[in-house]
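Walk through this structure one element at a time. Keep the sequence and the 3D view side by side.

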Amino acid sequence: MKYQLAILGGGPAGYTAAEKASKAGMDVVLFEQNALGGTCLNVGCIPTKTLLYSAKQYYNATHADKYGVKAENVTFDYAKIVQRKQKVVRKLVAGIKQKLNNEHCTVVTGSAAVVSRTDEAVVMTCNGEQYEAENLLICTGSVNFVPPIPGVKDNPAVWDSTDALAATQLPQSMIIVGGGVIGMEFATLYHELGVPVTVIEAMPTILPNLDQEVVSILRDKYTKAGIKILTATKVMSLDGNKVCAETAEGEKLELEAEHVLISVGRRANMAGLEALSDLECNRGIVVDDFMHTNLANVYAAGDVTGKIMLAHVASRQAEVAVGRMLKEMPVQRIAYNAIPSVVYTNPEIASVGITEQEADCEVRKIPMTFSGRFVAENEGETGLVKVLVDKKNQTVLGVHMIGNPCSEFVAAASFAVRMGYTVPEFMQVVFPHPTVSEVLREAVI
């Protein structure tokens, strides 16, 4: 069977590429060993946010008295919460499948592997069948990284994020190893559902890649709420559900919980690519600005490139890759400096562009309470909006926020960074009133 394009992986990069290429008239085959949607839809972004939303509803109900509402004897059924999560995932997976069917893309379920490659064709096998394509787009994503900590491997008390999402019962207590995005989102989920949580992070701070003033607000709130956060602390070993750790000062700690969630990052998934021995890699597949590898007819997009591991980045990379194959002119390079990111804690954190610790720039900041809508809907919260501006030409370089629902309007900040808006240009943008998004304009005045 011969195709113009073969795609390995049906996650955000894979299915986006398949839809775009098929719409353009290319004959496409897509291989996915599990379910369409990849990690994001099945065991990542969507199921996590579905669980978090249920936890947020419970949290809001138990704190409704702040808004003059009384709700007594509020309870939750975690099994039903998980059932709803599964329903949401099934619905969205079916939607992707229908989209690809509508575009007449061939979808093959199974583990595909590259057999051989020349500049004219790439040959693959899957389920005992052989496939040939003029071009190959690698979208195999990433896998959970398992750190070489003694006692982690084959330990029934240890979970990764996939295990945590699959569980139908809440743990009685939880230690989370890793205070990055995944770790802090799970900390939010468990804490809001009443599970005692301890977070252990080897770096001096949780969420080390984000603006630290914003992060400190979240840490202070979570610490006061009862989440135990240990930074500059390394896990040395595990003995069942007992964790031995050591602080930067050399203090030995012994901690215990029903389960230990390991969330220390993800690594590029290179399974099935062994035959591409001359493929250039460095913490992922090396690609140029147009997602082209060092091999003439091989492209890569998504987490497997080792760049920014976010679903929306993967989708945009896929669009660029297919645009290059179709020789669309011009094909826009990806503006990695304007990629928005969100941490779905409570309150949310959203950011785009450089951080204050990365550059010498002018800092303009105000509390979220400058928005009447924020004050009306976030009793007792302050929040923060920080805008970083180039001292010389007054262009917007970065925006960092904490406060609900900043995830819903960080895209406006992304536009400003992407287009190089100056402060006067940004102030010409009219924001609707009353919305929380108005604080973006207020912050640059």
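This is a predicted model. Begin with strand S21. Six of its six residues are buried, so S21 is largely enclosed by the rest of the structure. Look at the two faces in turn. Leu384, Lys386 and Leu388 are buried on one side of S21. Val385, Val387 and Val389 are buried on the other, so both faces of the strand are covered, as buried here means under 20% relative accessible area. The background is simple: side chains in a regular strand alternate between the two faces of the sheet.

Now take the neighbours of S21. Strand S20, residues 362–366, is joined to S21 by five bridges, and the two run antiparallel. Within this pairing, Ile366 has Val385 as its bridge partner in S21. Strand S22 is joined to S21 as well. Here there are six bridges, again in the antiparallel sense. Val387 stands opposite Val399 of S22.

S21 and S22 form a hairpin with six residues between the strands. One of the residues to check here is Gln394. Gln394 sits in the loop between S21 (384–389) and S22 (396–402). Its phi is positive, about 65 degrees, although Gln394 is not a glycine. How accessible is Gln394? Its relative accessibility is 22%, so it counts as partly exposed.

Lys386 has 0% relative accessibility and so counts as buried. Which charged side chains does Lys386 meet? One is Asp211: the closest N and O atoms of this salt bridge are 3.1 Å apart. The pair links distant parts of the chain, 175 residues apart. Lys386 is in S21, while Asp211 is in the loop between strand S10 (197–200) and helix H7 (212–225). Both Lys386 and Asp211 are buried.

The other is Glu356. The side chains of Lys386 and Glu356 form a salt bridge at 2.6 Å, N to O. Glu356 lies in the loop between S19 and S20, so this pair ties together parts that are 30 residues apart in sequence. Salt bridges with shared partners join Asp211, Glu213, Glu356, Lys365 and Lys386 into one network.

The salt bridge count comes to 15. Among them is the pair of Asp119 and Arg117, at 3.0 Å from N to O. Asp119 is partly exposed, with a relative accessible area of 49%. Arg117 is also partly exposed, at 21% relative accessibility.

Next, turn to a sheet with parallel pairing. Five strands form this open sheet, in the order S8-S15-S9-S10-S11. S8 (158–159) and S11 (228–230) stand at the edges. Each has a single partner strand, so one side of each is left without a neighbour in the sheet. S9, residues 174–177, pairs with S15, residues 259–262, in the parallel sense over four bridges. Met174 has His259 as its bridge partner in S15.

Some backbone details deserve a look. Lys327 has a positive phi of about 60 degrees, yet it is not a glycine. Lys327 lies in the loop between helix H8 (311–325) and S18. At 69% relative accessibility, Lys327 counts as exposed.

Then come the cis peptide bonds. One joins Asn346 and Pro347, with omega about 15 degrees. Pro347 is in the loop between S18 (341–343) and S19 (349–353). Another cis peptide bond joins His433 and Pro434, with omega about -5 degrees. Pro434 lies in the loop between helix H11 (423–426) and helix H12 (438–444).

Which residues form the positive patch? Arg84, Lys87, Arg90 and Lys91 make it up. Lys87 belongs to helix H4, residues 78–102. With a relative accessible area of 51%, Lys87 is exposed, since the cut-off is over 50%.

Note on methods. Residues are numbered from 1 along each chain as its sequence is written. This is a predicted model: local features need pLDDT of at least 70, side-chain atom pairs count only at pLDDT 80 or more; totals for chains, interfaces and linings use all residues. Side-chain values use heavy atoms; hydrogens and water are left out. Patches are made of residues with over 30% relative accessible area and no salt bridge: like charges are joined within 9 Å, nonpolar side chains (Val, Leu, Ile, Met, Phe, Trp, Tyr) within 5 Å. Accessible areas come from the Shrake-Rupley method with a 1.4 Å probe; for residues, only the protein chains shown count as cover. A salt bridge is a side-chain nitrogen of Lys or Arg within 4 Å of a carboxyl oxygen of Asp or Glu. Lys and Arg count as positive and Asp and Glu as negative; His and the chain ends are not counted. The place of a charge is taken as NZ of Lys, CZ of Arg, CG of Asp or CD of Glu. Buried means under 20% relative accessible area, exposed over 50%, partly exposed in between (1.4 Å probe, protein chains only). Two strands pair if DSSP finds at least two bridges between them.
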